[in-house]
Amino acid sequence: MAEKIYLYPVWTRIWHGINAILILLLIVTGVSMQYSNPDFNLIRFDIAVSIHNYAGVLLTLNYLFFFIGNLVTSNGRYYKFNRKGLYKRLKMQFIYYMAGIFRNEPPPFPIKKERKFNPLQQFTYVIAMYILLPVVVITGWAYLYPEILFDKVFSGSGLKVNDFIHVLTGFFLSFFLIVHVYFCTIGATFVSNFRSMINGYHESH
Amino acid sequence: MIRARNPLKKSLPKLTLIFALCFLVTSFQLNEKTRKEFKNAESNEGCLRCHGQSKYSFENTETGEKVFRRMYSEAIVNRALFYESNHRQFKCTDCHSQDYDTFPHPGRLRMESKYTCNDCHGDDPMYEKFKFMQIEEEFQASVHSTKHRDDFTCWMCHNPHTYRISARTKEVVKDVVAYDNAICLDCHGDISRYQLLVDKENPSILEKHEWLPNQKLHFGSVRCIECHARINDSLLVSHSIQPKAEAVKLCVECHSTNSLLLASLYKFKVKEQRNKAGFFNWEMMEESFVIGANRNYYLGIASIIMFCLVIAGIGIHATLRIIKKKH
């Protein structure tokens, strides 16, 4: 029987749930705007703009909740990693995912109370949450108030630079989401990690 | 109680008047550069001496006194704007009666009929490429003409004393937008001008466009006519102003790679390279960025390739996991 560890406190689950809904809304409306076409519109442009704006503002608040939560609770420690030997640890985890998992080898960095994420998860989550998300949030806000932010920062049209960064970061986050969801199926069972996000308990093999 | 008289207070209005007159004389003097550059500047000065400012003076032949009068605002011609306008090389009497040379002007001149654009531009082969006759037809069918008939003439928007073309001559698109939108706002943003033709109050532009996201950015980046005039490919600038129900309200008409802005605001720039650095509609991007219209081709291709690779990778990984589990 799988061992259960309480790893996901209520506040992280609430944050994660809201984050998931908002990110999905932002991706769908963002793609719809980016590829807007009079002949085929995924979502009507003005509706997509409104949803995208509201979801963006809520995502910012939710991100602040996460950021402050990580500062004031012990959850923040899971996002700190030792750079020494990082490459080796990432490689070990990568090889496990690429080969070891098919040979039924035990995971090199099993999840436990002190280690909520394996090195590869930890590394990508830090990049997603502390680099990509702030970039997409800041460039998104610059779009809400372009006249204030960008005329002072860039000469000419800073909008195009801003848009390129915003869209590029959005794409990276979209790919992160796809891979993240898939890797969640790698657990004690196919759905155990999804269940963890509801009840807070991680099920080990 | 007797108040002490303040000599300065008493002479202050006189001093102000003297300073104001000195200012008027110096600021309205025809400068040498204008005199050299415009062949009719000297003769025009005969008119602009009075019509070039908000007051004029003449000698009362009865009393011999110099009399100051206010110039009627509609009869004032701003020298600076006139000498930047399309008609800057004209002599006043090219369009107005020679009889205006006498003062006081004869009363019958008030009945003088004014020229319209096509009286000069209509048959002139030099202006043929601008298709003034077609512009006239568009204008006649526009909401401005059909709703106001003869009250509304070309001059309502194109003041012959100040109008200058902007779309073909200005480098910065936002300057074109500001200049052209000011023409619309001249009436639509000013109740006193609006009510010259209509009895009702002019609707609030801001309230009527409340639905428009990023209103300030739109107003500074596109002209009113982008949405309120029907595009005509054969004219450089459409004059077919439509009723409000016909205005473009579908965002995607501009926010797509086939943006209608290319046929209107950016018509003069589209001849340039279309897809510089992989961006659709690069000509828009020097000053602006239109979501949907300026997406990057290479980024789009790269994202599709990445998406396919990610899905393929996940598919292979998942299949191998399923096969392994069955064994």
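In chain B of this predicted model, residues 24 or more positions apart account for 51% of the contacts with a separation of 6 or more. Chain B holds 14 helices and two strands. Of its 327 residues, 18% count as buried.

Chain B also touches chain A. The contact involves 26 residues of chain B and 26 residues of chain A. On the side of chain B, the elements that give two or more residues are α12 (215-221) and α14 (297-326). The largest share of that side, eight residues, comes from α14(B). By residue class, the side of chain B that touches chain A divides into 12 nonpolar, seven polar and seven charged residues.

Within chain A, two helices meet. Two packed helices are described by the angle between their axes and the distance between the axes. For helix α3 (residues 86-98) and helix α4 (residues 119-144) of chain A, the axes come within 8 Å and cross at roughly 115 degrees. Angles of 65 to 115 degrees count as roughly perpendicular, and α3(A) is therefore roughly perpendicular to α4(A).

| Helix | Span | Residues in the contact |
|---|---|---|
| α3(A) | residues 86-98 | Arg89(A), Leu90(A), Gln93(A), Phe94(A) |
| α4(A) | residues 119-144 | Pro119(A), Leu120(A), Phe123(A) |

Taken by class, the residues of the contact of α3(A) with α4(A) divide into five nonpolar, one polar and one charged.

Key
Residues are numbered from 1 along each chain as its sequence is written. Chains are lettered from A and ligands numbered from 1 in the order in which they are written. This is a predicted model: local features need pLDDT of at least 70, side-chain atom pairs count only at pLDDT 80 or more; totals for chains, interfaces and linings use all residues. Axes are lines fitted to C-alpha atoms, for helices over the stretch in contact, and angles run from 0 to 180 degrees between N-to-C directions. Helices (H or I, at least four residues) and strands (E, at least two) are DSSP runs, numbered from the N terminus. Angles under 35 degrees count as roughly parallel, over 145 as roughly antiparallel, 65 to 115 as roughly perpendicular and the rest as oblique. Two residues are in contact if their C-beta atoms, placed from the backbone, lie within 7 Å. Ala, Val, Leu, Ile, Met, Phe, Trp, Tyr, Cys and Pro count as nonpolar, Asp, Glu, Lys and Arg as charged, and the others, Gly among them, as polar. A residue is buried if 20 or more other C-beta atoms lie within 10 Å of its own, exposed if 12 or fewer, and partly exposed in between; C-beta atoms are placed from the backbone.
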